[in-house]
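Work through the exercises below with the sequence and the model at hand. Each task is followed by a solution in steps.

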Amino acid sequence: MNNRKEEFKMTRSFTLYRDQLKKLLAQVEKNVEKNPLATDGITIMISDNDRCLKVFQKVGHDWIYLDQEEFCEW
């Protein structure tokens, strides 16, 4: 067991609104219906020099960039 305290700096925030999430999930479900290799989950990534989240869906060995909604920090 690790007794060392880890420090987490929360320096960025993103707000994901319900209507945006519904659109995102509808896109995921549509992709699942069209392609049996599409997973029903999403992967969210952020790079240090980007102010917006990037949302992806895995399809087989590939990734689809779900860009219909933007989730950017303020």
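**Exercise 1.** Does Cys52 count as buried or exposed, and at what relative accessibility?

*Solution.* The model is predicted, so local features need pLDDT of at least 70 and side-chain atom pairs count only at pLDDT 80 or more, while totals for chains, interfaces and linings use all residues. Residues are numbered from 1 along each chain as its sequence is written, and side-chain values use heavy atoms, with hydrogens and water left out.

Step 1. Buried means under 20% relative accessible area, exposed over 50%, and partly exposed in between (1.4 Å probe, protein chains only).

Step 2. Cys52 has 8% relative accessibility, so Cys52 counts as buried.

**Exercise 2.** Find the disulfide and describe its geometry and its place in the chain.

*Solution.* Step 1. Take a disulfide as a pair of cysteine sulfur atoms within 2.5 Å. Searching the whole structure gives one disulfide.

Step 1. Cys52 is joined to Cys72, with an S to S distance of 1.8 Å. The link is right-handed, with 90 degrees about the S-S bond.

Step 2. Cys52 lies in the loop between β1 and β2 and Cys72 in the segment after β3, 20 residues apart, and the pair links distant parts of the chain. Helices (H or I, at least four residues) and strands (E, at least two) are DSSP runs, numbered from the N terminus.

Step 3. Cys72 has a relative accessible area of 16%, and is therefore buried.

**Exercise 3.** Work out the strand order of the sheet, its pairing and the helix that packs on it.

*Solution.* Step 1. The sheet is open and has three strands in the order β1-β2-β3, paired antiparallel. The edges are β1 (43-45) and β3 (62-65); each has a single partner strand, so one side of each is left without a neighbour in the sheet. From one strand to the next, the twist averages 35 degrees.

Step 1. Two strands pair if DSSP finds at least two bridges between them. Three bridges hold for β1 and β2 (residues 54-59), where Thr43 stands opposite Phe56 in β2.

Step 2. Helix α1 (residues 18-34) packs on the sheet and touches β2 and β3, its direction making about 15 degrees with that of β2. Axes are lines fitted to C-alpha atoms, for helices over the stretch in contact, and angles run from 0 to 180 degrees between N-to-C directions. Contact means heavy atoms within 4.5 Å.

Step 3. Between β2 and β3 there are four bridges, again antiparallel; Gln57 has Ile64 in β3 as its bridge partner. The two strands form a hairpin with two residues between them, and Gly60 in the turn has a positive phi of about 65 degrees.

**Exercise 4.** Which residues make up the largest nonpolar core, and what does Val28 contact?

*Solution.* Step 1. A nonpolar core is a set of buried Ala, Val, Leu, Ile, Met, Phe, Trp, Tyr and Cys residues joined through side-chain atoms within 4.5 Å.

Step 1. The largest such core has six residues: Leu24, Val28, Leu53, Val55, Leu66 and Phe71.

Step 2. Apart from neighbours within four places in sequence, Val28 is in contact with Thr39, Asp40, Ile42, Gln57 and Leu66.
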